[in-house]
Amino acid sequence: MTNPLNIAKFGGTSVATYQAMQNCARIVAGNEATRIVVVSAQAGVTNHLVSIAHTALTSEQIKDTCQAIIDIEMAVLAQIKNKDSVSDKLEDLFEELRGLANHEEILHRDDLKDQLLSMGERMSSLLFSAVLAEQSVTTLNFDVRKVLRTDSEFGEAVPQLEDIEQLAEQLLRPEIKDAIVVTQGFVGANEEGKTTTLGRGGSDFTAALLAEALKADTCEIWTDVTGVYTTDPRIVSAAYPLPELSFEEAAEMATFGAKVLHPATMEPALRKDIKVFVGSSKEPEKGGTWIMRDCDIEPPYRAITRRKEQVMVTVKTPKMMYAQGFLQQVFAIIAKHKLSVDLVTTSEISVSFTLDNPANSVASRLNKETIAELETICDVTVEKGFDLVTVVGNHMQTAKGVSSRIFAAVHDYNLRMICFGANPHNLSFLVNEENSTDIVQKLHKELFE
């Protein structure tokens, strides 16, 4: 029997300050199975880095933004007992930060952007390693780029699973025998060693990928909430944390808007049947949510999610009636412009589909060129101002009365698209954005209170 292996990931608010890092360090030191710690950038740092990477700033603004980042890091360093162990390395990272921020091509080269965006995790992992060492444990600050191999799609790099497994076994496993390894989330490297990133929220994904590569028993996601809730507690004060979720339920919730989990996190965990725990680093004693293959109880209603800023596209043509290949043509155009279709409903001569629209990025990519190309084969209508509400549960296609109870709760509202039956775990519908808060509150009251 090998010793159990746990990988713990801490989010940006969990490592925001020295005191917050101390909470996390106590959690790590208190679990003998934890041999790898994955950290995000400290809260606020990535936003500053994104601003430098994507906004035309004056040299004075760049200097001020870099200083704001440095101030966050120095506030932690000031309280670390053994400053000498990290101060020189941290200063080297500050120099690299300034050099990248002032690079004349930073706004035009995706490889430079990724290098810059990696700085937050590289600084926070260095500092956390020193804070963790204060718990009388041996620590090692490890560069995840040595093992997290990706393709060269900068900004949204795709992990190369076989390479990651081979490199993790070769370079990472020997280290965890003698030390607790602290490494970076969100960051990887391509075959040439160039820094890549996995997209926002990628630290959860990193932890799950490393857990998969090393065949870990558990993967802990420590954040600022005590588990996964029945719905967003900011919308519904009566929302409560769930003791357990299945991988399928968690994947649906993450995909359809639950911010506490990155949608890709469940895939590696599911492939290797690794239990995932979600809890609060501020209140670890309160427990949290365990996500696993099979739950003791599988209720018809588990949670409600909301995803804002949805775009609905309707394509219509009389030629579609009895025609073959029309849908293929439509989706080929969408794929060519690197847009991802979510929900789809069809009638005899029209198709409606949604495109997720985080921070309006889809709206900017669903441009005149895409629409012009679609208009060569059909009439196109683009509508905005929608939110997507999803009820997640089990056996929803076959359990009696499930859909009627949901629709009865929202009968006063106009539902634009309803998707039900593609899998047994969700029922989704588009609603006008001004109604979505009321709808989530009414559904929660009917199904959970």
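This is a predicted model: local features need pLDDT of at least 70, side-chain atom pairs count only at pLDDT 80 or more; totals for chains, interfaces and linings use all residues.
A word on ground rules: residues count from 1 along each chain as its sequence is written. Local features need pLDDT of at least 70, side-chain atom pairs count only at pLDDT 80 or more, totals for chains, interfaces and linings use all residues, and side-chain values use heavy atoms, with hydrogens and water left out.

**Rings**

The structure has 6 aromatic pairs (Phe, Tyr or six-membered Trp rings with centres within 6.5 Å; stacked under 30 degrees, edge-to-face over 60, tilted for the rest). One of them joins F277 and W290, a tilted pair with 5.1 Å between centres and 55 degrees between planes. F277 belongs to strand 9 and W290 to strand 10, so this pair ties together parts 13 residues apart in sequence (strands are DSSP E runs of at least two residues, numbered from the N terminus). The two partners look like this:

**Pocket**

The second largest pocket holds about 370 Å³ of space (an open set of 1 Å grid points where a 1.4 Å probe fits, with protein on both sides within 12 Å along at least five of seven lines; the volume is what probe spheres on the points fill). Its lining (residues with an atom within 4 Å of a point) has 13 residues, with T2, N3, P4, L5 and R173 nearest the centre.

Note on methods
Helices (H or I, at least four residues) and strands (E, at least two) are DSSP runs, numbered from the N terminus.
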